Number of protein chains: 2
Amino acid sequence: MKVVHTIAEIRTAVGTASREGKTVGLVPTMGYFHEGHLSLMRQAKADNDLVVVSLFVNPTQFGPNEDFRNYPRDLERDAAMAESVGVDLIFNPSPEEMYPEGYSTYVSVEKLTEGLCGASRPGHFKGVTTVCLKLFNIVQADRAYFGRKDYQQFKVIERMVKDLDLPLEIVGMPIVREVDGLAMSSRNSYLSAAERSSALVLSRSLAHAQELLAGGVVNGEELQRKVEAFIGKEPLVQVEYASVVDAESLEPLADISSKAVLALAVRIGKTRLLDNALLEIPAQ
Amino acid sequence: MKVVHTIAEIRTAVGTASREGKTVGLVPTMGYFHEGHLSLMRQAKADNDLVVVSLFVNPTQFGPNEDFRNYPRDLERDAAMAESVGVDLIFNPSPEEMYPEGYSTYVSVEKLTEGLCGASRPGHFKGVTTVCLKLFNIVQADRAYFGRKDYQQFKVIERMVKDLDLPLEIVGMPIVREVDGLAMSSRNSYLSAAERSSALVLSRSLAHAQELLAGGVVNGEELQRKVEAFIGKEPLVQVEYASVVDAESLEPLADISSKAVLALAVRIGKTRLLDNALLEIPAQ
C-alpha cells in the first residue's frame, strides 16, 4: 500500500491501473477509521481491482463553531488499518492541495439539503458535495462507497452523481454498530464514559419506534413526538431532530405508508451524533 | 455525421471511439451556427480524432425576461454546416433529457461571476457552468472549445475545470468578425438594418480604446468613461458596461499595467451584444 499526498501522484497511480483495464473503487473518508470505514474498504476490495481511500478532513464542510480543529486524526494507525483490508492507495492531500489560492467553485444539491442536518449546518453539504465531486474527478473511480449512517449525505451524493451525469456508481453500505448498538463514528472518541452510556438511547429509540409502528402508530408526527420524548428521558442528550422522512425525497412524512426513514441527530455534551433506520411498515 | 438526442446514445457513440484510443473534442453550443462556431469545430477537428458538437439552447442560463423562447433555432441548417467541417456527432438533447423531474444540482463559480454580465444576469453563469459540467461528464471529452467573445464565460469555465480537477483541456478561440468588424453572434440575426449599422460602434470603440491607450490614457476609469462616451454617440445603443478588467481576475483595473481586457455589453433595441479585446499596453 502506498500513501500519496498530491493530485498528480494519485492521478499517475490510478491512471496506470486504468490503462491496464483495472476497475477502481474509491472510499472517501475523513480518517480515524473504525469498522464502518473498514466495511466500505472490504466491499470496495470485493468489487474492484484497485482500492483508493481518500483521507482528508475537509475544512469546507465544517461550520465556524464546529470541530474541524479537534477532529481526531491518526494517519499512521489509519494506514495500518487500511493496509490490513487490502487497500492499494491512500490519498491524503493537504487543504492547500485541494483548495489552492483563488479556489472559487462549489456544487450544491438543492431540496435534499434543506432539512435534517442541512437546517442546522448551513454550508455543510455544499462542502461535502464539492469535495466529493473533486475526489471523483481526481480518482476517476468506477464506484464510490458511502456509509448510510449519514443517510442524508448518502442521498445527496447519489443525487449529485445522477444530476451531473457522473460516470460512477455510488454504493451505500449498512451502518456498522458496536455490540451494544451504538452506531460507529469517529466522533464517539469524544464521549466520556457517562456520555457513551447515554448515547445508547439513539439505537434504542430506533428500536422503540419500530415497536410503536408495529403497534399502530403510523402517523409521522405522532411517532416523532414519542421518539423525542423517549430520547428526552436521557438527561445528557439533547435532540436536534428526530424526523420521519420519505426515504427518497427526505420530505417529512405525515403517514408512514411509503418507504420511510427515522433520522436522528442529537448532542451529547459537545458531541453531535447521528443514527437512522429504515422503518418497516407493518403488514396490513 | 450522426445526430443523437439522448445521453445514452452519445455515451455509446463516444465510448466506442474512446475504447479504440481515439481522442475526443467537444464544442458546446446553443446552435444557429456562424463562422465563430465553425472555427471552434475546425480547431476541434485538427486537435482530436472525434468531434462532438452539443446543440442545446439551455433554459437554465436564461433569465425570466430573456430571449429563451425566441433564441434562433435551425437544426437542419446547423447539421449541414457542422457536417461540412467534418463534425462526427451532434448531441441535441431535449430540456427534459438534461433536467429530468427532481433535478436539483448546480455548480457555481464565485468571484469571477460577480461583475460584468453576472451583475445584470443573476443565475446566468450558474446555468452555464452547470450545463457545461454535465456536457463534460456526458461526453468525457479530452478538449472542449469556447469562443472568447464571451470572455467572462471562457474564464469562468476555465476556473471551474481547474477547481473541480476535471480531466479535460479548455481551449479558448479568437473572436471571429464580419468584414466590417462586427463580432459574429447568433443574436445578430435579431438586428434591423439600422441596428446592424449601429452595432459597429462595438468593434470601433475597441479600436478607439487602443488608440487612447497608445496616446497615454492608462487609467482604467478614464478609459472606461471615454469609451462609454464614444459608444453613447450612437443613439440606438445603450451601454450596459464598458469595463477595463484584469484579464485573469476580471477585477476592475485602476492602472492598465498588467494584462487587461476591455469588455463591452450593450443593448441595441431588444438585442444584447458583447464584444471585448485584450488591451495592448504601449511600450514605456
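Which residues does B:C132 touch, not counting residues up to four places away in sequence? Keep that one in mind as you open the viewer, and remember throughout that this is a predicted model.

**Stop 1: B:C132**

Select B:C132, which you'll find in helix α6 of chain B. Show its surroundings and you'll see the answer: B:F146, B:I157 and B:M160.

**Stop 2: where the two chains meet**

Zoom out and colour the chains separately. Chain B puts 26 residues into the contact, and chain A puts in 26 residues too. Between them an area of about 2,400 Å² is buried, with carbon and sulfur atoms giving 44% of that.

On the chain B side, α1 (7-19), β5, α6 (124-139) and α7 (151-163) each supply at least two of the residues that touch chain A.

Next, select strand β5 in both chains, residues 105-109 in each. The two strands pair in the antiparallel sense over 5 bridges. Click A:V107 and look across: B:V107 stands opposite. Then move to A:V109, whose bridge partner in β5(B) is B:T105.

Is β5(B) enclosed or open? Of its 5 residues, 4 are buried, so the strand is largely enclosed by the rest of the structure. Strand β5 of chain A is mostly covered as well, with 4 of its 5 residues buried.

**Stop 3: charged pairs across the interface**

Side chains of opposite charge can pair when their charged atoms come close. Between chain B and chain A the count is 4 salt bridges. To see one of them, select A:E110 and B:K126, where the closest N and O atoms are 3.1 Å apart.

For another, select B:K134 and A:D165, which meet in a salt bridge at 2.7 Å, N to O. This pair crosses between chains: B:K134 sits in helix α6 of chain B, while A:D165 sits in the loop between α7 (151-163) and β7 of chain A.

**Stop 4: charged pairs within chain A**

Over all chains, the count comes to 36 salt bridges. Stay in chain A and select A:R177 with A:D275, which form one at 2.8 Å, N to O. The pair links distant parts of the chain, 98 residues apart: A:R177 is in the loop between β7 and α8 (193-198), and A:D275 is in strand β10 (residues 271-279). How exposed is each partner? A:R177 is partly exposed, with a relative accessible area of 30%, whereas A:D275 is buried at 2%.

Then try A:R196 and A:D180, whose side chains meet at 3.0 Å, N to O. A:R196 belongs to helix α8 and A:D180 to the loop between β7 and α8, 16 residues apart. Both ends are partly exposed, A:R196 at 24% and A:D180 at 35%.

If you'd like a network, select A:K155, A:E158, A:E248 and A:K259 together, as these are linked by salt bridges.

**Stop 5: strands and core**

Still in chain A, show strands β2 (residues 24-29) and β6 (residues 143-147), which run parallel and are joined by 2 bridges. A:G25 stands opposite A:R143 there. Strand β6(A) also runs parallel to β7 (residues 169-173), this time with 5 bridges, and A:R143 stands opposite A:E169.

Now for the nonpolar side chains. The largest nonpolar core has 102 residues, and those with the most contacts inside it are A:V52, A:F136, B:V52 and B:F136. Select A:V52: beyond its neighbours within four places in sequence, its contacts include A:I10, A:L26, A:F91 and A:V139.

**Last stop: B:S186**

Finish at B:S186, in the loop between β7 (169-173) and α8 (193-198) of chain B. With 5% relative accessibility, B:S186 counts as buried. Its side chain reaches the backbone oxygen of B:Y32 at 3.0 Å. Other residues touching B:S186 include B:H34, B:H37 and B:Y71.

Conventions:
Residues are numbered from 1 along each chain as its sequence is written. Chains are lettered from A and ligands numbered from 1 in the order in which they are written. This is a predicted model: local features need pLDDT of at least 70, side-chain atom pairs count only at pLDDT 80 or more; totals for chains, interfaces and linings use all residues. Side-chain values use heavy atoms; hydrogens and water are left out. Buried means under 20% relative accessible area, exposed over 50%, partly exposed in between (1.4 Å probe, protein chains only). Two strands pair if DSSP finds at least two bridges between them. A nonpolar core is a set of buried Ala, Val, Leu, Ile, Met, Phe, Trp, Tyr and Cys residues joined through side-chain atoms within 4.5 Å. Contact means heavy atoms within 4.5 Å. Buried area is the accessible area (1.4 Å probe) that two parts lose on being put together, summed over both. A polar contact is a pair of N or O atoms within 3.5 Å; within protein, one must be able to donate a hydrogen and the other to accept it, and residues adjacent in sequence count only if both atoms are side-chain atoms.
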